[in-house]
Structure formats: structure tokens, C-alpha cells
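Please keep the sequence and the model in view while reading.

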Amino acid sequence: MSGKLTISTEAVTSASTVWTLRGDMTAADAAVVEAECERFMAEGKAGVVVDLSEVGVVTSAGLGAVADMARVLRSRNGRVVVAAGGESEAAKLITMLGLKEWLSLVETAAEGKRMVVTLK
């Protein structure tokens, strides 16, 4: 899928959410991702699954915003899980940029949900 980036949300628990991103996550879209990250952290939630399975193009700018959020959440005992499939462009970029230290990478959003469901 490609085109304008959209983000839809689904509550997993009162403390965790799944974001499903659709379209392209380019440098121009980094501000959209950053705003969503800031809103999420201001709500005091502990875990988020960022589902990139429907993202076409992905750049380091958008992933950087997600990694920054992961650093903050980690300091609060929270977690960011990225569902990106092992051979996807996003998974390769996460590995290449060394972001696995901050982002838990899984194949599917369902896997990610199991990782954040116990966070409070």
C-alpha cells in the first residue's frame, strides 16, 4: 500500500494501544508520527504496538520518532513493539539503524498485543 499516511488506533487495555499505520511513512510524515507519539505519552499509557504491515515506503525520520517514544516509555517501564514482518522494508531499516535496542520487533500485531497486554 502507498499514499498519504494515516494512523488508526485500537485500545488493547486501558494502558496499551495498537496503532495501525497505512500509506507511506516518509520524512514529510514524521511530524504526524511525532504528534501521535507525544499525545500517547501525555496520556500516560505504557505500551503501544506500531503495526507497519500496511506501510509502503518507510524512512528513518518516522522510525526515529517511534524510537524516541520507546526510550521515554522504557524509562517508565513501558514498551513499544513494532509489527513489521521479518523481511519488510521497515524491519530491515530498524535493524540497519540499530533501533532493535529500543523497539521490540515482531511479525504481527497479534504477537505485539500479547507483549503489551500486561503493562499497567
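Which side chain does the side chain of Thr 17 join through a polar contact? The partner is Lys 45, and the contact between the two side chains is 3.4 Å. The model discussed here is a predicted one. The points below begin with the chain as a whole and then return to particular residues and elements.

**The chain as a whole**

- The chain contains four helices and five strands, and from the N terminus on these elements follow the order β-β-α-β-α-β-α-β-α.
- The C-alpha trace spans about 35 × 25 × 25 Å along its principal axes.
- A compact globule of 120 residues would have a radius of gyration near 14 Å, and the chain agrees with this because its own value is 13 Å.
- Of the 120 residues, 46% count as buried.
- Among contacts with a separation of 6 or more, 66% are between residues 24 or more positions apart.
- The accessible surface of the chain is about 5,900 Å², and 52% of that surface belongs to carbon and sulfur atoms.

- Thr 17 lies in strand β2, which covers residues 16–25.
- The relative accessibility of Thr 17 is 5%; residues under 20% are classed as buried, and Thr 17 therefore counts as buried.
- Beyond its neighbours within four places in sequence, Thr 17 is in contact with several residues, including Thr 9, Val 12, Phe 40, Lys 45 and Val 49.

**Strands β3 and β4**

- Strands β3 and β4 run parallel and are joined by five bridges.
- Asp 51 stands opposite Ala 83, a residue of β4.
- Strand β4 is largely enclosed by the rest of the structure, because four of its five residues are buried.

**Helix α3**

- Helix α3 comprises residues 89–96, and its buried residues are Ala 90, Ala 91, Leu 93 and Ile 94.
- As a general rule, an α-helix has 3.6 residues a turn, so residues three or four places apart point the same way.
- The cover over the buried residues of α3 includes strand β3 (47–58), helix α2 (60–75), strand β4 (79–83) and strand β5 (104–106).
- After α3 comes Gly 98, which has a positive phi near 70 degrees.

Methods. Residues are numbered from 1 along each chain as its sequence is written. This is a predicted model: local features need pLDDT of at least 70, side-chain atom pairs count only at pLDDT 80 or more; totals for chains, interfaces and linings use all residues. Side-chain values use heavy atoms; hydrogens and water are left out. Helices (H or I, at least four residues) and strands (E, at least two) are DSSP runs, numbered from the N terminus. Buried means under 20% relative accessible area, exposed over 50%, partly exposed in between (1.4 Å probe, protein chains only). A polar contact is a pair of N or O atoms within 3.5 Å; within protein, one must be able to donate a hydrogen and the other to accept it, and residues adjacent in sequence count only if both atoms are side-chain atoms. Contact means heavy atoms within 4.5 Å. The radius of gyration is taken over C-alpha atoms; the globule rule is 2.2 Å times the number of residues to the power 0.38. Accessible areas come from the Shrake-Rupley method with a 1.4 Å probe; for residues, only the protein chains shown count as cover. Two strands pair if DSSP finds at least two bridges between them.
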